[in-house]
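Trainee: Please take a close look at the charged side chains here. I would like one connected account.

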Amino acid sequence: CQSNRFEAETVLNLVRLARQTVLAKPGADLASEHEFWTEKIGIVTPHRAQQSLVTRLLQSAFPEADRNLIRNAVDTVERFQGQEREIIIATYAVGDEDAIGQEEFFLMSLNRFNVTASRAKTKLICLLTQELVDHLASDKTALQQSCLLKSFVELACPSEQSLEIPWSGGTVAGNMRFH
C-alpha cells in the first residue's frame, strides 16, 4: 500500500501545531493564512496515494482554508522540486518489508532524498518506519544511494524517546527518533 493513515494523521497533527504557532501571533489574518500554506508549511511524499490522503485530511480539518492552497502545499517529491518552505514534513508512507523491497530504488534514491531535505529552510521532519531505515537493498545502486537517508537518521536523529501518538485507530505508543 502506498498510503499510511497513521503517518497522514501524524502529519495533520504536526500541521495543526505549526499553524497554531504561526496564526497565534498578534495581527494574524487571512494574509497570514495564505502565507502559512504557501511559505511556511510543505508536505512531500514519494507516492500520490499518500499525497491524496494527507490532502483530504488537511482539507477536512481546515474547512475555512482555501482548498487549493492546501492542495498545493502537499505534493510528491518530484513536483515539489524548486519550491521551498520554512517547514517540510516528509511522509514516506511505506513500512511493509515486501513493499519496500519492491520500491527500494525509488524510495532510497539519493536524488529524491536530496530534493526532500533541501526544500526546508528551517525544519525538516521525516516520518519513516524503522523497516525502511533498516532495509538492505538487493540492488547495488539502491544500496549505495540509501546511505544518505540512513546517515540522516543515524546522525541527525540520534536520540530516541517513547511517545504516545493519538490517531483514529486509538493511541499508539512507540519509540521515535528525533533531534
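Mentor: A patch here joins like charges within 9 Å, taking residues with over 30% relative accessible area and no salt bridge. This is a predicted model. On its surface, Asp96, Glu97, Asp98, Glu131 and Asp134 gather in a patch of negative charge. Two elements, α6 (97–102) and α9 (130–134), each give two or more residues to the negative patch. Take Glu131, which is found in helix α9. Its relative accessibility is 35%, so Glu131 counts as partly exposed.

Now the paired charges. Side chains of opposite charge can pair when their charged atoms come close. With a limit of 4 Å between side-chain nitrogen and carboxyl oxygen, the count comes to six salt bridges. One of them joins Arg19 and Glu33, at 2.9 Å from N to O. Arg19 lies in helix α1 (residues 5–23) and Glu33 in helix α2 (residues 30–40), so this pair ties together parts 14 residues apart in sequence. Both Arg19 and Glu33 are buried.

Arg19 also forms a salt bridge with Glu64, where the closest N and O atoms are 2.6 Å apart. Glu64 sits in the loop between α3 (48–61) and α4 (67–73), so the link to Arg19 in helix α1 ties together parts 45 residues apart in sequence. Arg19 has a relative accessible area of 14% and is buried. Glu64 has 53% and is exposed.

Another salt bridge pairs Glu35 with Lys40, at 3.6 Å from N to O. Glu35 is partly exposed at 29% relative accessible area. Lys40 is partly exposed too, at 23%. As for shared partners, salt bridges join Arg19, Glu33 and Glu64 into one network.

Key
Residues are numbered from 1 along each chain as its sequence is written. This is a predicted model: local features need pLDDT of at least 70, side-chain atom pairs count only at pLDDT 80 or more; totals for chains, interfaces and linings use all residues. Side-chain values use heavy atoms; hydrogens and water are left out. Patches are made of residues with over 30% relative accessible area and no salt bridge: like charges are joined within 9 Å, nonpolar side chains (Val, Leu, Ile, Met, Phe, Trp, Tyr) within 5 Å. Accessible areas come from the Shrake-Rupley method with a 1.4 Å probe; for residues, only the protein chains shown count as cover. Lys and Arg count as positive and Asp and Glu as negative; His and the chain ends are not counted. The place of a charge is taken as NZ of Lys, CZ of Arg, CG of Asp or CD of Glu. Helices (H or I, at least four residues) and strands (E, at least two) are DSSP runs, numbered from the N terminus. Buried means under 20% relative accessible area, exposed over 50%, partly exposed in between (1.4 Å probe, protein chains only).
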